[in-house]
Amino acid sequence: FLAENGIPVPEVVSVSIPDRMLIERFIDGISVLDLISETMNKELLTEVQEHWASEIGRLIAHVHSLNVVLGDCKPENLIIGNDGKIYAVDLEQGERNGDASWDIAEFLHFSGHFGTRFSGGFRQFVKAFIKGYLTIGDPQTLRKAASVKYSKIFLAWTPMPMIQGIVEQLQQVKCPV
């Protein structure tokens, strides 16, 4: 369904129901986790890093516009392919009519795990992600992702300054009245 609607996903090569096995084509590229790790100790992102952050937000918004959620929306489950596309992988938890705000909260809070302070580079990454998401996504989805309902889940995983910074950025999203 995602591939049919323009979302880059790995091509399914083989399926064996009796063996409970799914084989997908390898995506050559870099994990979004590597991109995020590069942002943590920078004060400013490069134009390329900012571009990818925005495109990641846009991709997730596109998925959500199809009334689908990724379900396991961690940075390592997105790959920037050598062909210039961002691929969603590890889609076993994806579903229709799911909680889109969870995808946002999970992606940003898992991303924040890899830093200790909400630095200029990572702050820029979050802002660019939000900007990309808002090109087609619902601002209410971003605002809802700032809820303590989501952030408390990551308290044992993500440093508090990172959670606070992410939540503050999400709370600044303007929603139409």
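Residues are classed as buried under 20% relative accessible area, exposed over 50%, and partly exposed in between (1.4 Å probe, protein chains only). The structure is a predicted model, in which local features need pLDDT of at least 70 and side-chain atom pairs count only at pLDDT 80 or more, while totals for chains, interfaces and linings use all residues. Numbering starts from 1 along each chain as its sequence is written, and side-chain values use heavy atoms, with hydrogens and water left out.

By this criterion D72 is buried, at 10% relative accessibility. D72 is located in the loop between β4 (68-69) and β5 (78-81), where strands (E, at least two residues) and helices (H or I, at least four) are DSSP runs numbered from the N terminus. Apart from neighbours within four places in sequence, D72 makes contact with N77, D90, Q93 and E106, contact meaning heavy atoms within 4.5 Å.

D90, one of these partners of D72, occupies the loop between β6 (86-88) and β7 (95-96). With a relative accessible area of 32%, D90 is partly exposed.

A further residue examined is R58, which belongs to helix α2 (residues 47-65). The relative accessible area of R58 is 30%, so this residue is partly exposed. When residues up to four places away in sequence are not counted, R58 touches G132, Y133, T135 and I136. Between R58 and N5, which are 53 residues apart along the chain, the separation of the C-alpha atoms is 14 Å.
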